[in-house]
Each structure stands twice: as structure tokens, then as C-alpha cells.
Amino acid sequence: MTTADTHCPYCALQCAMRLSAGDPVTVSGRDFVVNGGGLCQKGWTSAELLAHPDRLTAPLVRQAGVLRRATWDEALDRVVAGVRDVQRAHGRDAVAVFGGGGLTNEKAYALGRFARVALRTATIDYNGRFCMSSAAAAGNRAFGADRGLPFPVTDIRDAGAVLLVGANPAETMPPFLRHLPGERLITVDPRVTATARHGALHLQPTPGTDLALANGLLHLAITEGLVDEAYVAARTTGFDEVRRTVAQWWPARVERLTGVPIADLLATVHRLAAADTAMVLTARGAEQHATGTDTVTAFVNLALALGLPGRPGSGYGCLTGQGNGQGGREHGQKADQLPGYRRLDDPAARAHVAAVWGVDPDDLPGPGPSAYELLTAEKMRALLVFGSNPVVSAPRAAGVERRLAGLDLLVVTDFVLSETAALADVVLPAAQWAEEDGTMTNLEGRVIRRTRLRPPPPGVRTDLEILAALSGRLGAPVSARPREVFDELRRASAGGTADYAGITYERITAEGGVFWPCPAEDHPGTPRMFLERFATPDGRARFVAVDHRGPAEQPCADYPLYLTTGRVLTQYQSGAQTRRIAGLPGRAFVELHPDLAGRLGIADGDDVAVSTRRGSATAPARLSTAIRPDTVFMPFHWGGAARANTLTNPALDPVSRMPEFKVCAARVALA
């Protein structure tokens with residue numbers, strides 16, 4: 001092909017682009033509802049990776065402690081022999097699989113099938129556990145289904161008021177700003193981010209107090225007479241218990257705990273209630289906590305009390321982060337799920353999927369450990385990694401690195417020698433997004449197509465080809481053709497919550513994407529969910545009473561500050577892609593308030609060390625009044641000496657098993 005209409009390889013907005021063959025491949029924006037032809041810096045420079053000198057073009061195997069080039073047969077045979085040795089000695093579950101939220105739907109599906117049929121291991125999870133799991137858990141228990149945005153992104157643009165909690169899309173997905181009405185936008189963030197400056201009102205809470213803030217807003221909605229009582233009576237259950245719980249979150253108490261003025265709390269509630277249409281949106285800032293599920297639930301409760309979900313032009317939604325963060329958790333690489341968002345412990349779900357796979361339902365393993373628990377489990381002796389770099393992106397990353405370095409077998413599939421791949425016994429070179437076909441599901445639940453521009457370089461295989469080769473050697477042959485894999489996915493998902501049965505490659509191309517659920521080819525898809533009923537047995541949304549518990553780790557005399565983390569404009573995920581692009585300048589930094597810097601004798605640009613109970617990281621100081629004086633900020637998922645994930649707290653949410661990336665106790669000093 002000379003051109004290919006496809007989508008960006010980065011965030012969940014999945015902006016449309018056109019690739020033109022040449023040396024180099026060129027990128028142009030393509031008109032599409034989410035981006036209107038625009039791209040961010042990451043998208044414009046994405047094709048530079050296709051011919052990057054760091055690309056791997058042959059398998060690598062470790063011999064005498066050193067990685068050397070190998071043939072595919074040698075590398076694959078070594079993987080299979082290692083897997084069989086570990087399973088013979090330690091049992092099937094001692095072999096683990098770790099996936100990624102950037103994998104296509106076909107690859108996420110094939111990875112889950114590979115783990116459960118070819119390896120017959122329960123030990124599989126993926127890096128989306130670090131990203132969307134708290135919002136997914138909250139959405140499931142409130143609405144009976146989890147789709148990040150249960151409405152098209154264009155509905156946000158037309159909303160009369162938007163409350164955005166813990167998101168900075170001005171840096172993480174810049175084209176999304178065209179959908180955010182600045183004059184009608186209220187943001188919640190411990191930092192005055194570029195997104196906060198874009199909005200009309202900014203609430204700047206103490207890190208880790210978002211749940212108390214949400215309960216306080218609902219308390220005011222009740223006492224100010226702003227609850228949509230008719231909606232609550234007709235479409236929900238459980239409000240009385242929530243009403244009793246939030247009664248204790250009176251405005252003065254919320255202001256004292258969160259630092260948000262009462263006047264701003266009142267203004268927020270009244271703006272949401274007065275608008276003809278309104279939305280409450282959350283993202284990682286609210287979710288990456290040991291109380292993340294309850295925090296999101298508290299904001300869902302607020303939205304339900306105001307009568308927003310399931311109303312045209314209004315609702316609750318979550319901004320998905322990774323490129324296929326939505327589809328990646330729907331089709332089987334998550335520890336407790338089967339394709340179609342089916343539960344792995346549901347006998348009917350097991351029977352349906354087993355029939356598609358041609359296996360006995362009793363042979364399917366049960367649910368396995370969550371991502372961080374998988375990566376640190378002593379019983380794990382072998383690990384196969386696809387589309388992830390946990391040595392950089394996992395919490396308490398230094399401990400994860402030590403654990404992976406001590407495995408009997410570590411296999412990494414990647415396009416470069418990432419920090420995780422550098423530890424591996426076998427490295428398998430993988431194709432990039434422009435070199436393979438497949439589908440993605442963006443933050444709206446819209447299934448879209450990635451179209452191949454050209455084949456991968458000689459010596460490089462697609463993930464599907466790698467999984468098919470390993471499966472064949474393990475006695476469970478599967479197809480490596482994306483369309484055939486997708487058609488099997490459609491059958492496996494049929495009747496599930498995320499039903500793709502009616503979605504075909506042809507429909508996606510003709511219609512510019514299809515929203516799930518779509519149970520039949522003559523079904524129009526579902527751009528807006530919950531308009532008539534929620535996906536619960538009685539069709540009603542569930543209020544769930546939740547109370548503020550605070551972060552797992554509070555500042556103390558030795559660690560007197562809050563450390564919070566987040567993404568920045570030129571970085572995506574662990575930076576294995578973006579740090580290799582010359583057009584994406586950027587370096588890690590430590591953001592701190594000038595008053596704090598003055599007390600510590602730190603000047604702008606000084607190298608400073610941030611320390612927590614788990615380790616230290618070093619980066620230049622960036623003085624800014626945009627951050628609270630009691631808080632410091634570092635970009636996370638960064639490599640080298642500035643690896644903030646060495647510092648983060650792996651305390652897990654009891655429901656979602658999400659680690660607490662967003663807050664821990666820290667101290668700062670000149671390096």
C-alpha cells in the first residue's frame with residue numbers, strides 16, 4: 001500500500017491519521033469525530049519509530065549472561081522448553097503471562113486464549129490493572145457494566161457543565177480539549193495543570209482526599225435541595241444509606257480535610273445541578289489509590305443523585321488512558337475475565353467460551369492474581385511479557401525488577417530492548433502498529449480499525465504470529481490472521497456485556513467505527529448506554545455507601561510531604577517509544593512550591609532527591625506555584641535515576657487491586 005488510514009499508536013482517544021509510504025513514512029491528520037484532523041506532538045512524530053535504529057530485527061537469547069542474536073526456531077524452542085520445565089517442576093500456574101492495554105483487541109483476546117488453553121495457567125493479568133481497574137469496578141457495581149464513556153465524546157462538548165476529576169488531558173491527550181467547554185469546566189487536581197487553567201473553576205484538594213470531597217459535594221446537593229428525587233426514585237436503589245453516610249460530611253469538615261473552600265464546593269454543586277445537561281468524569285487521579293474504587297463510586301453517587309447517568313447529553317464517564325485500555329480489558333487478558341467481559345468464575349460464561357475454543361469448561365483455569373501480586377509472587381517461576389514494561393511502570397519498581405531478574409525464565413516480546421527486555425532470557429522482536437491489521441476500542445467504546453501500511457522488517461513477526469507459533473508448539477494451534485482472530489472474538493463475546501458479535505471489519509470501515517454492545521450485524525451499535533435501563537438485574541443503578549479512609553501512607557516527621565505522580569505532554573507509558581523520538585524533548589523533574597523550596601534551600605534546576613520508604617529518585621527541581629506547598633510531583637513511568645515508580649506505594653485497592661500510585665509520604669533534599 002502507498003497510504004493507510006489508521007489511528008494513532010498512543011492514547012485512548014485514538015485520533016485518526018493517514019500514513020504515506022516512503023523513506024521516511026509521513027503522517028497526516030485525518031478527519032474523525034474525536035480529533036477533527038488534529039494530532040498532538042506524539043501522534044505527529046509516531047512514524048519515526050518505524051525505522052528507528054534501536055529496533056530489534058532478530059530474536060535474542062541469553063547465553064553465559066549475555067543476549068545474542070538467534071534464529072526464530074531456536075528462540076521459540078527455548079521458550080517452549082523453558083515453559084515445560086517450569087510447569088513440570090512447579091505446576092502450570094508457575095508460568096505467568098503479562099499483557100498490555102496497548103494491544104489490539106485481537107492480540108488481547110489471543111493472549112488470554114493462549115494462557116488458558118495452551119499454557120492452562122490461571123496466572124495472567126495486564127498493565128491495565130494499573131490504569132482503569134478502579135473505574136471498571138465502580139462502574140460494574142453501580143451500572144452493571146463498565147464502558148469508559150457510555151456516550152460519544154461529542155456529548156461532552158455540548159454539556160452545560162462538566163466536573164473533571166484527576167485528569168490532565170491538555171497534556172495526556174491534547175486533541176480531547178476540543179470537547180471540553182472551558183467556560184463550563186470544573187477541574188479537581190492537587191496541581192494547577194494546563195487543563196485546570198483551561199477551565200472556569202479549579203478545586204485543589206490535598207492528595208488522597210477526593211473521596212471526602214465527593215461525599216461533601218453530595219452532602220451539599222442534598223442540603224441545598226438539588227437532588228433529582230424523581231430520577232432517584234424511578235431509576236436507582238440504595239440512596240437512603242448513602243444519604244445517611246454523607247450526612248457527616250458537612251462543608252466545614254470537608255474544607256478542613258481537603259483544603260477546598262466551602263464557596264467552591266457550593267459553586268460546583270450548583271453549576272452541575274443548574275445545567276440542562278451535565279457530566280461527571282474521572283481519571284487516574286481519582287482511581288490510582290488504595291481507595292480508588294470507593295472514590296469513583298462516590299463521584300458516581302453524586303452523578304446519580306443529580307439524575308445524570310442514562311440521560312441524553314448527561315452522565316458519568318471515565319477517561320481511559322492506554323490506546324486500547326477499553327478493549328484490552330474486555331476480551332480475556334485480565335485475571336478474572338473471559339472474552340465479552342464475562343466473569344471467569346461464571347459457569348455459563350465458561351461453557352460458552354470453552355465451546356468456541358473447543359475445550360472442556362472444566363479444563364479452563366480459574367481467576368488468577370492481579371498484576372502487582374502476579375509480578376511479585378514467589379510461586380511464579382516463568383513470565384511471558386507482551387506489550388508492557390513493568391520494570392519501569394509497576395509500583396515499587398525496584399522490587400519488581402529484582403523479582404524478574406531472579407526468574408527461571410523471562411520472555412519479552414517488544415520492538416526495542418526495553419528495561420524489562422534487557423533482563424530477559426529470550427527477547428522476541430515484534431511488529432509495530434503500522435505493520436499489522438487489527439482493531440482497537442477507544443475511550444467511547446467505539447471499535448475502530450488499524451490498517452497495515454507495510455509488512456514488518458525482515459526478521460520481525462507480529463504478536464499474533466508469535467502467539468500462534470508458541471501455541472502450535474504447545475499443541476494448541478490457532479490462527480495468526482487478524483481477521484480470523486477477530487471473527488472468533490466475535491463468537492466468544494456474543495451474548496456478553498461487551499458483545500462484538502455484530503461488528504465486522506467491513507462495518508467498522510464503512511461506519512467510521514461501531515459502538516459495543518452490537519449483538520447482530522443488523523444492529524446499529526450502542527453509542528449511548530443506559531437510556532432505558534441499566535445493566536443490572538432490575539435495570540436500576542446502584543447507589544453504594546462509601547466513606548473516606550485516606551491514603552495508605554500519611555506524611556510523618558521522617559517523610560513530611562505528599563508525593564503525587566502523573567503523565568506529561570511528551571511521554572507515553574514507560575517511554576520505550578516516546579523517549580526515542582528526538583522531536584519529543586523532555587526530561588523528568590520534581591515540581592515543588594517556591595515556599596517549600598525556600599525552606600529546603602533548593603533553587604530552580606537543582607538536582608534533588610525524592611525519597612520514600614521504598615527508595616529514592618533524582619531529577620532537577622522545577623519551582624511552581626501550581627502545586628500545593630505540602631506536595632511534590634514527579635512524572636511516573638520514567639526510567640533511569642528519575643524512576644518515580646521506585647517510590648510509589650504498592651498498597652492495593654481491596655476491590656480493583658489497583659496500586660496507590662497517586663499518593664505516598666516523601667521527603668525532598670538536594671541531591
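What follows is a chat about its spaces, strands, helices and cysteines.

Tutor: Before you ask, this is a predicted model, where local features need pLDDT of at least 70, side-chain atom pairs count only at pLDDT 80 or more, and totals for chains, interfaces and linings use all residues. Residues are numbered from 1 along each chain as its sequence is written, and side-chain values use heavy atoms, with hydrogens and water left out.

Student: What volume does the largest cavity have?

Tutor: Grid points are joined across faces, edges and corners, and a volume is the space filled by probe spheres set on the points. By that rule the structure holds six cavities of 30 Å³ or more. The largest cavity comes out at about 630 Å³.

Student: Which residues lining the largest cavity are closest to its centre?

Tutor: Sorted by class, its lining has 10 nonpolar, 16 polar and six charged residues; here Ala, Val, Leu, Ile, Met, Phe, Trp, Tyr, Cys and Pro count as nonpolar, Asp, Glu, Lys and Arg as charged, and the others, Gly among them, as polar. Of the 32 residues that line the largest cavity, the closest to its centre are G102, G387, S388, D414 and Q577.

Student: Which element gives the largest share of the lining of the second largest cavity?

Tutor: The second largest cavity holds about 490 Å³ of space, and of its 33 lining residues the closest to the centre are G166, A167, N168, G285 and K662. Helices (H or I, at least four residues) and strands (E, at least two) are DSSP runs, numbered from the N terminus. Helix 6 (169-172), helix 13 (284-287) and strand 23 (561-566) each supply at least two lining residues. The largest share, three residues, comes from strand 23.

Student: Which residue of strand 27 is the bridge partner of G566?

Tutor: Two strands pair if DSSP finds at least two bridges between them. Strands 23 and 27 run parallel and are joined by five bridges. Within strand 27, G566 has as its bridge partner P635.

Student: Is strand 27 largely enclosed or exposed?

Tutor: Buried means under 20% relative accessible area, exposed over 50%, and partly exposed in between (1.4 Å probe, protein chains only). From strand 27, T631, F633 and P635 point one way and V632 and M634 the other way, and all are buried. Five of the five residues in strand 27 (residues 631-635) are buried, so the rest of the structure leaves the strand largely enclosed.

Student: How many disulfides are there?

Tutor: A disulfide is a pair of cysteine sulfur atoms within 2.5 Å. C131 is buried at 3% relative accessibility, and its sulfur is 7.8 Å from the closest cysteine sulfur, in C318, too far for a bond. C664 is buried too, at 2%, and its sulfur lies 11 Å from the closest one, in C556, again too far for a bond. By this rule the count of disulfides is zero.

Student: Which helix gives the largest share of the lining of the largest pocket?

Tutor: This pocket has about 410 Å³ of space. It is lined by 23 residues, and N140, D336, Q337, Y341 and R343 lie nearest its centre. Five lining residues, the largest share, come from helix 4 (residues 133-143).

Student: Last one: is R184 buried or partly exposed?

Tutor: R184 sits in the loop between helix 6 and strand 9 (185-188). Its C-alpha atom is separated by 32 Å from that of A498, 314 residues apart along the chain. At 27% relative accessibility, R184 counts as partly exposed.

Technical notes
On a 1 Å grid over the protein atoms alone, a cavity is a set of points where a 1.4 Å probe fits but cannot get out, and a pocket is an open set with protein on both sides within 12 Å along at least five of seven lines; lining residues have an atom within 4 Å of a point.
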